Every structure is written in C-alpha cells, then in structure tokens.
Amino acid sequence: MCLYIQTLAKFYIMTKSISDYSVEDFLMDEGFIDWVYGDDKKTHQNWEGLIKDFPDCTHKIHQAKQILLSMDFETKKMSTNQKNELSERIQRKLQNDSADHVVVKKPGSNWMRYAALLALLIAVGIVVKWGIREKEQDVQVSQYVVKESAIGQKSTITLPDGSTVKLNSESKLVYGENFDEHLREVELTGEAFFMVVKKPSVPFIVKTGDIKATVLGTSFNVRNYEEDANIEIALATGSLQVEESRAASGNNKIVLAPSEMTNYSKSSGKMNKIKFEEEEVLAWKNNTLFFNQAEMKEIEQELERWFGVDIRVLNQPGTPVKLSTKFTNQSLENILETLGFTLGFQYEFSKNKVNVTFN
C-alpha cells in the first residue's frame, strides 16, 4: 500500500456520489486508493460491484487506476512549507506547459491541491520521478540524453555505466542521464555497435522498433533504419536474448550465440536466427562500405548516408544492378569512379549533389 498517497487522501471529504465522480475525485478517494494498492478481498469485491453498478464510470475508473499505478512516491513526511512550495511549483509548471492543459482546482488545503495537480501532471504525459525527502524541496525530474550522428558522420558514445556505443551515420541513441541501479536501458534508431560492460545483476536492454535485446555483458550490432524492411541484431561476443517488446507479442523470443543474428520482419512480425559474416555486417565500424549483391537503390542509400550527399539516378540501367564489392577508407570520388566504370554510368558532382546517368 502506498502510505504517502493514503495520507494525502485523508484530506479529501467525499461530497459526491460515485456516478458524479471525475478522474480527480477517484484519485482522492481513500477507498479507491485502497482498492488499487491493497489486497483486501472485501475492498476488491466492493469496487468490482460498483463498476458493475455504474458502467458509465468504467473508463474514468480505469484511467484513475492507471495514473495511480504509474506514480512513484517515497513515504517520507513533508513539512507544511514543503507542501506549499511543491504545490506552487506544480501549478506554475502546469500553467506554462500548454494552453490545452486544463487544471481542475478544488477547494481545500494545499494537500488536496497538491495531490490533484500531481495526478494531472501524470495524466497529461509529463514524465516526472518524485523523490521527496525531509531536507529536499526540489522535484527531481528524470533527465534523458539524446545523441545523434548526422548524415556523413559517425560518433562514439560512453554510457553512464562505462559501456561504449559506436553510432553509425543518421542514427539516434536515447538513454537516461543516470542508469537505474537495477536496469540499464537505451533506445536506438538507425545503427550502432554496442560494447557492454559486464554487470550480471543489472541487465542492459536495447529497444529499437518492436524489438528489444537484453544482455549482461557482450558486444553486438543493431540496425534499424526507417527504410529497412527488417530489424537486424548481430552478436559478436557473449550471449544475447532478442524478443518483441510489444505486449501482445507472445513468446517471440530468440537467444543468440556469437556469429548469429536475428532478422525481424517489420511487416509480418516474424523473427528468425541465421549465421552472419562479421566482415559484412560489422564492416561499417571499421570504415568499410560492404556491398553484397546490392541493388542500385541500396547503393544510393548507403552512399548518401555515408558521405552526406544527395544522389539522383536520372535514368535506369539497361540491366538490373547486383553489386558485390567493398571500399575501405575511400573517398566518394574514388568510389564513384570505380562504380561508374563497373556499372557503366557517368556522374556529375556539385555542392553535395551527385547526378548519375547510365550509358
């Protein structure tokens, strides 16, 4: 039972019937809070009976329940001054956030105002972690770090636990400023190679699209660009568990060993495990462009991402392109010269734009 919320609720005087309750009224009802957080069978029976008797309230009850379950409080006491200052801070935050956010004010003490406003903060999607201590009056806001590599650039990132991430071009990594003591979690768009510090008691999770990979200490590659049909996760060392992160995904789960990778189809949701060639899949982190039976569209996309240019193919080749080759530490001009001779096209290069014309 969350003692802190229970204490807040004692300051609320019920003046309405259940049928007239708003979401905020449920949040301030001690009986409702007992039902959400407690395990008393009689309380559960009473509220389940009320839901049946007042079906019009079902949506509001569910919404209030979800808000309470998302709250994270400590059970320390607060002084009156702390209560008042927190209430004022929250009100200012709500007023400044958006003209679309409606603040419902209720008569009564600052305790009531604080509880209702706090519920509204979470209801409108403001992600806040409340660390309330006797000697601290500030609200501790969970901070996130966003690292991005622009087109034509790559970067290396050191995470709070000492793990390192090499981020490919046109990629983004989001993670907490400080990892939780029980969990290390990041979110990736694009491609990155992870070298994770071993901490057996603290799992490391990478989320990308509908997939999440869980490790304790290992190195692996994740690729998920918007235009890719599949999400690819390739394991270099250690072991790795890959699964769908959607709630309704069932048991779609695969455990990888070194030199194994998983392909997850974004369209069908199917996931399979195959062997991979490290030279091909991990080539990018060694400054090598690797093409394996690549069609012209794939060549365009890789060159654009690698060098930060706009490539336009002005006409179609006489025969379909299927290119297998690699380039290590080569300039764009050298690559275009080689590809032009091999595939039979001319090119014009001006101000980050490349026009390609097949013979």
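## A three-stranded sheet

Let's start with an open sheet built from three strands, which run in the order β15-β18-β17 with mixed pairing. At its edges sit β15 (310-313) and β17 (345-350), each of which pairs on one side only. From one strand to the next, the twist averages 20 degrees. Keep in mind as you explore that this is a predicted model.

To see how two of the strands meet, look at β15 and β18 (residues 353-358): they pair in the parallel sense, over four bridges. Within this region, V313 has V356 of β18 as its bridge partner.

## Helices on the sheet

Now turn to the second largest pocket, which holds about 670 Å³ of space. Its lining has 28 residues, and R223, E232, E280, E298 and E302 are the closest to the pocket's centre.

Which elements supply at least two residues each to this lining? They are the strands β8 (219-224), β9 (230-237), β12 (260-265) and β14 (288-294), along with the helices α8 (278-281) and α9 (296-307). The most comes from β14, which gives five residues. By type, the lining residues split into 12 nonpolar, nine charged and seven polar.

Note on methods. Residues numbered from 1 in each chain as written. Predicted model: local features only at pLDDT ≥ 70, side-chain atom pairs only at ≥ 80, totals over all residues. Heavy atoms only, no water. 1 Å grid on protein atoms, 1.4 Å probe; cavity = no way out; pocket = protein on both sides within 12 Å on 5 of 7 lines; lining within 4 Å. Points joined across faces, edges and corners; volume = space filled by probe spheres on them. Nonpolar A, V, L, I, M, F, W, Y, C, P; charged D, E, K, R; others polar. Pairing = 2+ DSSP bridges. Axes fitted to C-alpha atoms, helices over the stretch in contact; angles between N-to-C directions.
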